[in-house]
Amino acid sequence: MTSRQRSAESNSLSPRRRTVVKAAAATAVLAAPLAAALPARAADEAPAFLHGVASGDPLPDGILLWTRVTPTTEAVPGSGLGPDTEVGWVVAKDKAFTTVVAKGSVTATAASDHTVKADVRGLTPATDYWFRFSAGGTESPAARTRTAPASDAAVANLRFGVVSCANWEAGYFSSYRHLAARGDLDAWLHLGDYIYEYGSGEYGTRDTVVRQHAPAHEILTLADYRIRHGKYKTDPDLKALHAVAPVVAIWDDHEFANDAWSGGAENHTEGTEGAWSARQAAAKQAYFEWMPVRPAIAGTTYRRLRFGKLADLSLLDLRSFRSQQVAVGNGSVDDPDRTLTGRAQLDWLKAGLKSSDTTWRLVGNSVMISPFAIGSLSADLLKPLAELLGLPKEGLALNTDQWDGYTDDRRELLAHLRSHAIRNTVFLTGDIHMAWANDVPVDAGTYPLSASAATEFVVTSVTSDNLDDLLKVPQGTVTALAAPVIQVANRHVHWVDTDRHGYGVLDITAERAQMDYYVLSDKTKANATSSWARSYRTRTGTQKVERTYTPV
């Protein structure tokens, strides 16, 4: 993600690299941080399924199932303790499990933090299933999942929840609860920043830690990342969403460290915080242990899923291969030797988009691809926007952590879409803590006279700071002032909401792809309500966004 890591107040109180005690000074067996990652339970309750169950990466004939078992009271996340434990799994056509279609077992070990996955195959396409796990006479909660349509199926409709950027300390995950309550999702997409790496209070929370994460220090080691993932998986709203639909997830930077790139990160000091290679490896290991993700290529999250003839979904990894971000205003953003995707991934993406025979080509994209110029914002708005995006406060119009910082990759990709007349490409994006509906122009400087090569729907954050949080003003205040200026400077932007938190629901038919944007009443309230804010769609063949006035 961008350099949005601290509030203005915390920046004034501390240097760029914080002097808090890091994880190297706190071992994984400390009782307090480990215990904080788990809900309280009695000593005789083991084994237990304290972190819920989940499914992900649906295929026409299969689904990936996930859980974490706590075999003994001391075998908490990151501890490295606990015996090998056989975990059974079962899949049925009904919630009562009277019609079992598949079952088996896997072994949970301390080597994998007692997480387990079952890659179940032989299932029927486009079908709801129920599954659960068991160990030592204890059964997990039952959960619903769904397979993808057959590859050659004529699919009338698909519906996905879309989320990103969930900072535990900034509020409650009500977006997940409201998506779970819908009961109509084929799957949900998490576009990155499922967890955050910072120490307690180090990331923007309007100066109030709503609820403290674990461990309290910045996460650096494998044990640290496991503890943080474990803490997130105790959230009731997150567990509820995992229990009703499969997730399709990619990572962004905060699963590692802020503004991560292939050789380091803004929020990592080589030496003082160990080697970046070790930290990156630890973060990746914990992610694949704790997430129901099936990596097509080891160590990355780029892969492709197909949903009948209606849509395929290309999922990107924009952290593992990228060149280091450059300083704003540095002409090297156009350097063809610098890359966001890496050569192999960009070639893979281009080939997949060209060969696709589906109606829609969706791209799960962790940072905004549409170009963004700030325009003539007033100083009082420019400074918090610069803080959020990691821009210099004098206001140069570029965010080098997004595709804007790697213009040659973007130029090549958009030229590929145009030269091969590839239609109906829709980028689905998170990261920026704002909601956007964009055309993706070939030449932003001459748009709308130049062509639009694709469209982009950007979802806001679940809880992470946006502009009204940074300014500590009522929700919606900044959008009223900033959005018109942003749109004047960026004519391909149909809508931007700089302030509110929430989620999206993407509904796809052969005729159109529509994003319904929902917002929360108050991220700091566990019972926050949800309301529809706006809807935008792109109609087949147009490569342009238009407003529509009712949600699906």
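What share of the contacts in the protein with a separation of 6 or more is accounted for by residues 24 or more positions apart? The share is 72%. Please keep in mind during this tour that the model is predicted.

**The whole chain**

Of the 552 residues, 62% count as buried.

**Helices α7 and α9**

Two packed helices are described by the angle between their axes and the distance between the axes. Select residues 343–355, which form helix α7, and residues 407–419, which form helix α9. Their axes lie 10 Å apart at an angle of about 15°. Angles under 35 degrees count as roughly parallel, and α7 and α9 are therefore roughly parallel to each other. The crossing of α7 past α9 is right-handed. Now show the side chains of the contact: α7 contributes Arg343, Leu346, Asp347, Leu349, Lys350, Leu353 and Lys354, while α9 contributes Asp409, Glu412, Leu413, His416 and Leu417. By class, this contact of α7 with α9 holds 5 nonpolar, 1 polar and 6 charged residues.

**Helices α4 and α6**

Move on to helix α4, residues 222–232, and helix α6, residues 276–290. Here the packing angle is about 35° and the axes are 8 Å apart. α4 passes α6 in a right-handed crossing. Among the residues making the contact are Tyr225 and His229 of α4, together with Ala282, Ala286 and Trp290 of α6. The contact of α4 with α6 comprises 7 nonpolar, 3 polar and 3 charged residues.

Terms used
Residues numbered from 1 in each chain as written. Predicted model: local features only at pLDDT ≥ 70, side-chain atom pairs only at ≥ 80, totals over all residues. Heavy atoms only, no water. Buried < 20%, exposed > 50% of the residue type's maximum accessible area, 1.4 Å probe, protein only. Contact = heavy atoms within 4.5 Å. Axes fitted to C-alpha atoms, helices over the stretch in contact; angles between N-to-C directions. Helix = DSSP H or I, 4+ residues; strand = E, 2+ residues; numbered from the N terminus. Parallel < 35°, antiparallel > 145°, perpendicular 65-115°, else oblique. Left-handed = near helix turned anticlockwise from the far one by under 90°. Nonpolar A, V, L, I, M, F, W, Y, C, P; charged D, E, K, R; others polar.
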